[in-house]
Amino acid sequence: MSALELSSRSRLDSRRARARATFGQLLRSASFDVGAVIVVFWIVDAIFWHALVPQDPQALNPLAALQGPTAAHWFGTDWLGRDVFSRTLAGSTSVLEIAPLATLLGIAGGTVVGLVTGYYGGAVDALVMRLVDAFLAFPLVIIAVLVLSLLGTSEITVIVLIGVIFTPVVSRTVRSVVLVERDKEYVASARLRGEGDWYIMTAEILPNVTTPIIVESTVRLGYAIFTAATLSFLSLGIQQPSPDWGLTISLGRQYLQIAPWIVLFPAVALATLVVAVNLVADSIQQVMAQ
Amino acid sequence: MSELRSADDVLSVSNLSISYRRRARAMRVVSDVSFSIRRGEAYGLVGESGCGKSTIAMAVMAYLADNALIDGGSIRLLGDEVIGARAADLREWRASRVAMVYQDPGSSLNPTMRVGRQLAEVYRYHDHVSWDAANASALTMFERVQFADPRTILERYPHELSGGQQQRVMIAMALAANPALLILDEPTTGLDATVEAEILDLVEELLRDIGTAALFISHNLAIVSRLCDRVGVLYAGRLVEEGPASEVLHTPHHPYSIGLLNSIPHWGATKDHLRLLPIPGDPPALGQIPSGCAFASRCAIAEDACLAAPPPLAPCSGVHSLSACLRRDDAADLAAVVAKNEAADGPAPVATPVRIGREAVVEVTDVIKRFSAHGTTLTAVSDLSLTLHRGEILGLVGESGSGKTTLARTIAGLYRADGGVVRVGDATTRSRRERASFLQMVFQNPDTALNAKFRVARLLGRSVKRLNPGLSADERQAKVLDVARSVKLQESHLDLLPGALSGGLKQRVAIGRAFTGDPTVVVLDEPASALDVSVQATILNLLVDLQREHDLAYLFISHDLSVVRYLSDRIAVMYLGELVEIGPAESVMRPPHHPYTEVLLSANAAAIAAGRARIRLRGPSPSLANPPSGCRFHTRCPRSLGELCATVAPPMQVADAGHQYRCHIEPSALATLQSLRPDAAAARDAETTTDTDATTTRSTRGHS
Amino acid sequence: MLTYLSKRLLLALVTLVLVSFIVFLASDVLPGDVGRTILGNFATQAQVHALDVKLGLDHPLLDRYWIWVSHFVRGNWGTSYTLQVPVFGLVMRHFLNSLILGAFALVLIVPISITFGVLAATHHDRPLDRVISVTGMSMLALPEFVTGIVVLVVFSIVVHWFPVSSSVPVFSLPSIVRNLFLPALPEMVLIFGYVSRMARAGTVEALNAGYTRTAVLKGLPRHRVMMRHVLRNSLLPTITVVAVQAGYLVGSLIVVETIFNYPGIGNLIYTAATNHDQPVLQAAVFLVALVYTLSNLAADLLYAVFNPRVRLAS
């Protein structure tokens with residue numbers, strides 16, 4: 001076996017070993033395990049709910065409206081007689097479409113803004129950061145209410161809106177780590193050999209800030225679900241007749257006193273999802289911090 | 001070592017073993033360590049990073065990290081067992097039986113509490129006196145640690161004090177409850193040489209007056225032996241040598257101790273006469289202690305028996321020292337053995353003529369560099385001019401805040417000068433790329449100087465590509481291998497990430513990277529300071545070899561005068577952003593020289609160990625934002641003339657050929673002033689530097 | 001301290017100007033044809049134009065911004081399109097209601113949150129810490145409407161302890177608790193998440209700090225180490241979070257006030273947004289942003305007061 005083969009094998013091994021060590025550590029954390037199982041369950045459900053639901057979630061049955069949980073309808077029926085159990089299972093799709101896409105958008109935008117402002121600093125940085133400050137002075141939901149009530153709503157609008165709202169938040173995080181990296185000598189060394197700014201930002205600095213970006217992504221995903229569901233609840237997101245959880249809770253609210261199961265089950269479902277995502281995010285954060 | 005224990009022991013540590021658990025693995029950091037400290041004795045514990053010395057100190061304080069596990073042994077403090085002691089007993093013993101001074105005084109003081117109150121607390125809670133009485137005692141204590149104005153210091157918050165003042169507060173606090181044992185854990189690391197010297201003087205004086213026993217922990221054998229009666233040398237968690245300080249310093253009997261001493265240029269040595277003798281290889285990684293003698297893999301006289309089991313500490317013949325080496329009585333001759341091996345490895349030192357008078361490769365004229373932050377502007381470099389010639393090593397010396405790194409970065413082109421001209425290269429150096437291949441830089445900290453996400457091959461390859469635009473892929477590959485070989489990296493290293501390399505290897509990669517474009521000038525900003533002593537020498541030797549081979553010019557920055565003196569053809573001294581002296585190395589080291597240089601020299605630990613007299617610096621260090629009028633050094637100058645120095649900026653005086661200093665005192669007068677003090681060392685310096693035989697120099701040094 | 005203060009003030013002022021411009025733009029430009037929106041599809045173009053002139057919509061953008069700002073500063077906030085009442089009184093009344101609700105939640109939960117955060121830190125990585133941390137994090141993750149619904153189901157429908165819909169309390173303890181406890185609960189859940197997490201993180205850091213080691217190794221009693229050395233430093237960042245949360249809270253009441261039909265500013269913003277009541281929307285949103293910016297400023301000032309490094313900086 002040649003020296004080169006040997007070293008490339010050891011290189012692979014070392015990379016695998018590191019990945020395995022990180023993952024092994026994650027697996028040893030109970031909160032990660034619980035969170036991951038729940039998240040995976042909801043993702044599988046979001047994709048394959050057609051195969052999982054006992055009844056068509058949109059099938060109306062006015063005669064069986066507002067029934068409590070029975071053997072036929074495990075979670076009862078809603079005001080149109082639709083099966084709450086089926087609707088709860090089908091309700092994860094919309095939020096699991098919106099949240100990851102919005103997160104991706106926000107992370108991408110925030111990474112670009114954070115890299116550029118952090119790397120260049122100076123007047124542009126000061127200006128952008130003031131804008132970010134001003135932007136952050138508005139509670140997220142208020143911006144969403146303002147914009148969506150004016151522009152009208154669609155799934156795409158909600159994704160873009162959450163993505164745009166996340167951009168300044170993410171950019172702040174990225175900027176703060178870029179500020180630290182920028183002053184390290186490897187960047188000075190790159191400049192001394194005549195590298196361009198773009199190369200330094202993308203090839204030298206970016207790989208060194210991936211850890212905080214990953215952590216931020218998982219945290220943002222939790223917030224994205226939070227926000228998307230809240231917008232649905234305020235009737236500013238997904239529209240009828242979607243089985244979306246936030247929307248269902250919003251509409252079923254008026255039956256709260258006679259048929260609390262209509263809102264209770266989607267609420268619990270949503271709660272498990274957001275808590276699970278945050279459990280995973282928190283575990284990743286802890287492992288990455290070491 | 002039970003025969004050493006006596007009723008008179010303040011501290012007795014026996015068979016102490018400690019591990020850290022990390023990711024369910026136990027890593028042994030201290031193995032079977034035994035030593036004791038008698039009443040009033042100062043004991044030094046010396047070793048490099050990761051050798052377990054701080055862990056031992058924390059074990060004595062019963063303040064180990066949560067993941068530390070004491071595997072066995074005992075720690076007795078005035079006869080009482082510390083391991084497993086009750087919390088109430090520990091609380092009582094801390095401060096009154098044992099107290100500690102830490103490496104970083106800045107973070108060891110509570111930032112939201114006045115330092116006077118932090119000291120008074122000790123009296124309040126140990127002596128159970130009123131706050132008024134406690135405050136009064138605090139004032140007395142601050143007087144004892146020689147604060148010029150103790151009453152105002154009482155009212156200060158830590159951030160309002162300098163590093164040296166903070167460490168005085170820590171010392172005052174540690175001594176407040178009259179402990180039987182004072183532990184000093186690298187108390188001067190991170191402080192400037194002049195401040196370090198003051199703190200060490202203070203500690204020396206206090207220990208003598210109070211009669212407190214001390215456990216002094218340091219990586220610097222010279223400092224430890226100055227303060228301590230006995231010294232223990234730790235390597236990879238084991239005590240490898242123990243004995244009277246002067247014996248361990250001058251006639252060490254363990255190959256590691258010998259290697260440590262040989263790694264640092266002793267006072268007066270220069271590269272032209274003496275090649276440093278580094279310890280080959282690296283210390284074992286944390287928790288990976290081999291079964292036999294941990295040093296065997298780096299040892300020139302190791303034999304098969306060394307690998308069987310860790311050798312116990314045993315007496316050496318003819319001296320009082322104990323050494324954990326099977327060949328301890330042969331070890332004294334080790335220097336000769338190593339020198340022979342080393343000779344095959346690198347070129348022998350040659351005396352080269354002073355390289356002045358060749359063409360200039362860097363010309364700095366009236367350069368000014370300012371920084372503004374939070375509304376104030378600091379002039380980090382003011383009106384500075386100097387020239388670097390082809391093939392010479394110019395050493396740049398100064399303490400923190402002197403502007404030496406700023407100057408280096410301005411020359412390298414990382415900062416744009418706010419005034420004056422930096423000319424790099426010759427007529428052919430016009431484009432950015434030409435400049436980049438002409439001048440490169442090596443930074444202090446290889447951890448941050450190498451992109452942690454790039455493998456070594458890419459780190460070198462990218463630089464080869466940028467600095468040698470014409471090369472084909474194959475030629476680039478060949479060049480990478482070539483560079484790797486020239487900095488003594490193995491081919492297998494190329495596939496590793498920096499994180500998998502030791503500090504010394506990382507710095508070799510960084511040096512290799514700077515040499516990929518065959519530069520003419522290399523700026524070296526403290527290239528060996530972040531490394532362990534035993535690894536430093538390898539790097540310095542490598543730099544000397546490369547410089548000779550390629551006829552390079554170096555701008556070499558260091559706070560360590562011994563290293564600068566060893567390496568440099570010429571030396572430049574900076575103080576508060578100004579060049580105060582420049583000239584041929586040996587000329588700068590001898591009077592007449594700038595009073596600041598004089599102070600720096602007298603604060604150098606190696607110089608002190610070599611018997612130089614001490615001159616103290618007056619007053620606090622002035623701020624760059626508000627530099628003193630007249631001569632910037634006048635507020636602290638031991639030779640100040642008063643009014644003139646305070647008002648008129650001094651001229652450059654010519655001491656002798658190529659040697660200038662900025663002062664109002666003329667060379668002849670200054671020479672007289674500076675030779676007035678007893679300075680036996682100066683004479684001896686001259687003697688040893690003329691001695692060209694490396695091994696003789698080293699073995700005679702101790703006895704002279 | 002003075003430079004720090006003036007710098008913070010200046011920054012806050014710049015932020016406010018930007019904030020007001022964003023509010024103005026969002027409610028002025030985004031909706032497009034306001035006259036048409038108000039009058040509906042059946043109005044003639046002339047009628048729409050007449051309304052635009054009446055509302056001052058025919059002026060250039062910057063002029064309109066300036067007019068709006070100068071009116072706003074003088075308390076002349078216009079008239080609500082839908083309710084036809086002066087905006088100032090309307091917004092202020094709702095704002096005050098929200099303030100009462102927010103203050104109630106803060107006063108009740110902040111001390112509890114800090115206590116649990118510190119408790120978690122002193123039991124770092126032990127079961128109690130895990131329980132507190134995971135609980136806090138889960139609380140942080142839950143949208144207010146989810147907790148709101150669950151709270152409503154449990155306390156109003158299952159046990160009938162509290163009314164389904166809340167109103168502004170009169171000044172008596174039973175009335176305050178009866179009307180505010182339920183709507184405050186979802187907010188308290190969120191605040192607990194934030195504040196306990198910050199208090200824990202700050203305290204863990206302080207416990208591991210060099211100065212705490214010094215204090216312990218000085219042989220000080222445990223309570224002295226905790227109170228004077230650990231908490232004095234660790235609660236500094238927590239103070240900032242509480243102040244920032246106070247500002248954020250007012251804005252985040254939108255969901256809770258909708259669920260509980262509480263006549264606060266969030267409720268007002270939501271109604272105004274769905275009704276395109278532009279003057280109300282502008283004023284209310286700007287007020288929320290103003291409160292947020294001011295509470296950020298207050299956080300900075302508090303931090304300065306408690307931190308000698310900032311306080312004594314010349």
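I began with the sheet in chain B: four strands, an open sheet of 4 in the order E2-E1-E4-E5, paired antiparallel. The edges are strand E2 (25-38) and strand E5 (80-81) of chain B, each of which pairs on one side only. I note that this is a predicted model.

Next I looked at one pairing within the sheet. Strand E1 (residues 9-22) of chain B runs antiparallel to E2(B), and 10 bridges join the two. I picked out Leu16(B), whose bridge partner in E2(B) is Val33(B).

Helix H1 (residues 53-60) of chain B lies across E1, E2 and strand E4 (68-77) of chain B. I read its angle to E1(B) as about 115°.

I turned to the interface of chain C and chain B. I find 27 residues of chain B and 24 residues of chain C in the contact. The buried area comes to about 2400 Å², with 57% of it from carbon and sulfur atoms. In chain C, Arg213(C), Leu217(C) and Lys218(C) lose the most area to chain B; together they make up 29% of what that side buries.

Last, I sorted the side of chain C that touches chain B. Helices H9 (210-217), H10 (222-259) and H13 (308-311) of chain C each supply at least two residues to this side. H9(C) gives the largest share, 7 residues. By type, I have 9 nonpolar, 6 polar and 9 charged residues on this side.

Conventions: Residues numbered from 1 in each chain as written. Chains lettered and ligands numbered in written order. Predicted model: local features only at pLDDT ≥ 70, side-chain atom pairs only at ≥ 80, totals over all residues. Heavy atoms only, no water. Pairing = 2+ DSSP bridges. Contact = heavy atoms within 4.5 Å. Axes fitted to C-alpha atoms, helices over the stretch in contact; angles between N-to-C directions. Buried area = accessible area lost by both parts, 1.4 Å probe. Nonpolar A, V, L, I, M, F, W, Y, C, P; charged D, E, K, R; others polar.
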